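Please read this briefing alongside the sequence and the 3D view. It is intended for a reader meeting this protein for the first time.

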Amino acid sequence: MMEGFGGSESSPSFDSSETYLELSLDAASGGDGVVVTDPIERHQFELSTPSVIDPEPTDPSAFWFPADAAVRFQTDQLELQTVVSVCIRDDEGQMLGQTEHFASESFPRATYSLELFAPVKTYVRVNAPVTITSDATQTTISFDEETEVLVGARSHHKRPAATITTPDDPRSMMRAVSLLGSALKSTSPERSYPTLRGHPPLIERGEQFKAPPDLAPPETGITLELPATYRHVYVAAPLAYYLGATVVEGDTPRLRTDSGFTYDLDTTAGYEREVERVLKQTFFLDCLTRTEGYYQVELHERQAVESDLDLDFAALYDRPTAEQVEAYLQVPYETVAAHVPEWKLTTHVTPTPGNVELLPFVANDLAIVRTPHTKPSAGSTTQAEAVDAFLRSSPQTPNAGFTRSATQSASLPERSYVQPEETDSLEQAWLGDGTPIGASKASLQAYRNRLYRSPTEGDIGITVVCNDPRMADEREDVEAVYGSRERLPFDVQVQYELTKDELREALATQTDFFHYIGHIDNDGFQCSDGTLDASTLSDVGMDAFLLNACRSYEQGMHLINAGAIAGIVTLEDVVNSSAVEVGSMLARLLNQGFPIRSALGLVRGENVIGDNYIVLGDGGLAVAQSEGALPNTGTVTETECGFILEFNTYPSSHVGMGTLVKPILPNVSWHYLGSGTVDSFELSATELSDFLELEKIPIIFNGEFMWSDSIDLISGQ
């Protein structure tokens with residue numbers, strides 16, 4: 001449905017100190033090509049050749065951009081399974097052009113570096129004439145004659161380069177937060193690309209402040225002066241990281257630069273809202289300024305707002321970071337507010353000492369931080385009216401069948417609930433005590449599990465366990481869905497009516513996604529010979545899970561604590577027929593590459609019991625790679641003259657804020673910043689039909705949820 005890219009991982013002017021291991025380039029199964037595999041992120045990309053080749057390992061430093069691994073072989077052509085953006089550079093790194101869908105570009109004999117914006121960042125180096133052609137479905141790179149081709153690749157997986165220890169006092173935490181920006185690969189506007197924002201150093205609590213002697217804030221000339229409170233420090237952490245700012249104590253929250261410029265952070269909008277505005281505004285204007293740099297693309301947002309700005313982007317690009325920020329902040333926020341992309345994530349962080357360890361992960365997500373003003377309400381028997389209404393207002397379908405509760409008379413586990421305030425971000429996460437309503441429940445353990453995710457060889461593993469034959473409908477649906485993508489290999493294992501020992505073994509077995517269909521009660525998973533409590537497990541093998549059973553929240557938290565990264569669970573009893581619908585829809589969304597939190601968000605919008613489900617852990621995790629640059633949806637409204645398509649994209653932990661996308665639509669020659677609603681387009685029936693055939697995506701068609709491959713506009717079906 002679209003193409004896009006998130007920028008280069010690094011170049012000679014950028015810091016590339018992070019090291020990435022495990023990425024591999026191997027011969028395709030038939031020998032006619034190379035498969036690039038990232039076994040940690042579970043992504044792969046294939047380059048096919050007309051005949052069998054014999055790839056040999058070679059020096060990855062041969063490329064203009066750093067690569068983790070590389071091979072060389074002889075061929076006269078590379079065929080890519082999909083259309084991806086290709087940047088063509090000369091041997092000095094100068095960008096000569098960029099090809100996308102329906103391209104036809106030729107370059108005379110010379111040494112070229114080709115940068116492929118694929119699920120795994122891939123580079124091609126060749127000394128030959130180059131012709132790049134593409135249609136709606138694939139790209140071909142030809143060299144006129146058989147020649148030596150170098151292919152390299154680099155993993156998107158990010159690991160922090162250091163650990164900082166801080167005492168619990170806010171002043172020490174300011175020192176720690178000042179070092180988060182050391183992970184930026186660049187302080188130029190290119191840091192707005194997700195791949196140029198390295199993972200911030202970890203923070204641990206301790207008696208004394210400790211940091212590696214070579215760890216220092218980047219020299220941006222930007223300082224944040226803040227009162228010494230947990231709230232002020234936590235809210236400012238993502239902004240300090242993105243700007244590479246030093247954080248010091250001050251009576252009044254403000255941003256200042258070495259030249260004497262100051263900007264008040266405690267305005268009538270309030271401290272938290274003003275910090276949010278500054279982060280959004282500096283990020284957005286960086287995205288506009290960077291079009292003068294390494295990737296000189298036509299950006300829709302720049303075209304839309306440039307005439308309202310008194311900014312010379314060409315001159316700004318070469319100025320120091322502090323001067324750029326000074327210029328940005330002299331623009332009224334209202335001038336750019338309507339053009340800033342929908343923010344991916346707001347994280348509600350309780351300002352307690354322990355949550356300082358979560359700040360590197362919050363900053364890595366470039367999340368907006370809010371601090372809650374309410375405390376969790378009492379347990380399920382006396383929960384607040386709003387929470388009670390939220391959970392219990394879903395209408396019950398007549399004759400909907402049995403619930404998935406193992407014991408109908410059992411009471412709900414005692415929980416404390418909290419309902420974070422609504423924001424305009426695509427997603428919400430909660431970091432603190434209590435069970436959140438309307439947000440995911442994040443945890444430090446889940447973030448750490450993601451960070452140290454083990455590489456896995458082979459196909460994407462899906463384990464489906466159905467422990468009640470009456471729930472076979474869901475098992476049949478999801479079994480057909482998982483692994484249905486032709487070009488992405490899956491290994492789907494289905495198991496039935498397991499005993500406690502068998503389920504324990506299944507939970508311990510390495511798999512990418514564990515889908516449980518059955519009963520759960522306060523004592524655990526119901527098995528054919530009794531109940532298995534996940535709290536007795538010290539280690540589990542799945543990265544992510546769906547526990548499609550009643551009251552599975554507590555068992556899901558035990559799986560997170562035992563090593564899982566993310567999961568979807570239920571808060572109360574769920575009726576079987578509705579649970580089947582939710583499970584099937586989630587399976588389809590996850591199979592198409594939607595992150596777990598985004599997938600559940602879409603389900604909540606379409607299913608009456610969706611609010612009874614909640615995400616645990618790192619909800620930005622995606623089980624499978626998306627066919628396009630980002631997972632995407634469309635909302636189609638029929639008009640008298642044709643159709644209006646609203647196009648939406650969903651960033652993930654892998655492809656975050658700052659990624660560029662380009663919908664494959666007639667007369668669209670520019671890129672957009674990909675997050676949330678991209679734009680609306682007027683299309684004829686033929687144009688919309690061509691668009692829907694490109695990729696299988698969810699479509700809201702005249703108010704009804706459908707999949708693009710089920711819509712036939714031409715025959716009127």
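The model is predicted: local features need pLDDT of at least 70, side-chain atom pairs count only at pLDDT 80 or more, and totals for chains, interfaces and linings use all residues. Residues are numbered from 1 along each chain as its sequence is written, and side-chain values use heavy atoms, with hydrogens and water left out.

**Overall composition**
- The protein contains 16 helices and 39 strands; helices (H or I, at least four residues) and strands (E, at least two) are DSSP runs, numbered from the N terminus.
- Of the 717 residues, 62% are buried, meaning under 20% relative accessible area with a 1.4 Å probe, protein chains only.
- Among contacts (heavy atoms within 4.5 Å) with a separation of 6 or more, 72% are between residues 24 or more positions apart.

**Helix H14**
- Helix H14 covers residues 576-591 and reaches 22 Å from its first C-alpha to its last, close to the 22 Å expected at 1.5 Å a residue; the expected span is 1.5 Å times one less than the number of residues.
- Because 13 of its 16 residues are buried, H14 is largely enclosed by the rest of the structure.

**A five-stranded sheet**
- Five strands form an open sheet in the order S37-S34-S33-S38-S39, with mixed pairing; two strands pair if DSSP finds at least two bridges between them.
- Strands S37 (676-683) and S39 (704-707) stand at the edges with a single partner strand each, so one side of each lacks a neighbour in the sheet.
- Strands S33 (residues 632-638) and S38 (residues 698-701) pair in the parallel sense over three bridges, and Val-636 stands opposite Phe-701 in S38.

Key:
Buried means under 20% relative accessible area, exposed over 50%, partly exposed in between (1.4 Å probe, protein chains only).
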